[in-house]
Amino acid sequence: MNLNLETFNRKEVLQYLRWTGSEIPPEVDALIDDCMAETLRVSEPRFTYRILPIDWEAHTPELAFVGQDIPNMLADSDRVVLLAATLGGGLELAIRRAQVRDMSRAVVLDCCGSAAIEAVCDAAEREIQSAVGEGVYLTDRFSPGYGDLPILLQDDFVRLVDAPRRIGLTVTSTHILTPRKSVTAIIGLANKPQTKRFRGCAYCSMFETCAFRKAGKTCGRE
């Protein structure tokens, strides 16, 4: 599904930039605004998803869930959503061009892309909620590479949602999504709210290297 992304969270851009809360210089403020506008202009946000039944005894869904985090998150769910979303290749190209001419701009564009793809996923969740109707609860989003869910699952994930054909999203031989500003995520569907939350630092693939955590902060995605 194509999406008309009109805006995204400026506060998240600042968080990705690791801004400490001090006053933003006017020239930086203007650069952020300009990069946000360029991100919206060059991005082609799209998402697709597939809903599968869960039968743990029969070892479904088709995606082999390694580890315990996903079975725990989906404990109350009878269906699972496989979501894939991307901003397309335009922003990736803009970042590469900026890396040659202006690294500060490249960094800000990269952070804008991170915030923008989160906005696309949020919009996808709203679409999914509308499709499944009232009385159905969505769990957290959980991506390959988080917790004990290996990143190599990206290969099967992309295939199962037909992401190359539907939204132009592929995966490299090292299991990295391309275009880079893309996300795959697992979401459970249940008839009651999720019992145990799976958000925060402990379940993030950036846990060991995260600059927020090292500074005693979080990225706000708790």
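In which loop is Asp162 found? Asp162 lies in the loop between helix 6 (154–160) and helix 7 (163–167), where helices (H or I, at least four residues) and strands (E, at least two) are DSSP runs numbered from the N terminus. The structure is a predicted model, in which local features need pLDDT of at least 70 and side-chain atom pairs count only at pLDDT 80 or more, while totals for chains, interfaces and linings use all residues. Residues are numbered from 1 along each chain as its sequence is written, and side-chain values use heavy atoms, with hydrogens and water left out.

Most residues other than glycine have a negative phi, and most peptide bonds are trans. Asp162, although it is not a glycine, has a positive phi of about 55°, and this residue is partly exposed, with a relative accessible area of 27%; here buried means under 20% relative accessible area, exposed over 50%, and partly exposed in between (1.4 Å probe, protein chains only). A positive phi, near 65°, is also found at Arg18, again a residue other than glycine. Arg18 is placed in the loop between helix 1 (10–16) and helix 2 (26–42), and it is exposed, with a relative accessible area of 57%. A cis peptide bond, with omega about 0°, joins Thr178 and Pro179, and Pro179 belongs to the loop between strand 5 (177–178) and strand 6 (182–190).

An open sheet is formed by 4 strands in the order 1-2-6-3, with antiparallel pairing, two strands being paired if DSSP finds at least two bridges between them. Strand 1 (46–53) and strand 3 (137–138) stand at the edges, each with a single partner strand, so one side of each is left without a neighbour in the sheet. Helix 5 (residues 103–132) packs on the sheet and touches strand 1, strand 2, strand 3 and strand 6, its direction making about 45° with that of strand 1. Contact means heavy atoms within 4.5 Å, and axes are lines fitted to C-alpha atoms, for helices over the stretch in contact, with angles running from 0 to 180 degrees between N-to-C directions.

Strand 1 is joined to strand 2 (residues 77–86) by 8 bridges, and Leu52 stands opposite Val80 in strand 2. Between strand 2 and strand 6 there are 9 bridges, with Ile186 in strand 6 as the bridge partner of Leu82. Strand 3 pairs with strand 6 over 2 bridges, and Leu138 has Leu189 of strand 6 as its bridge partner.
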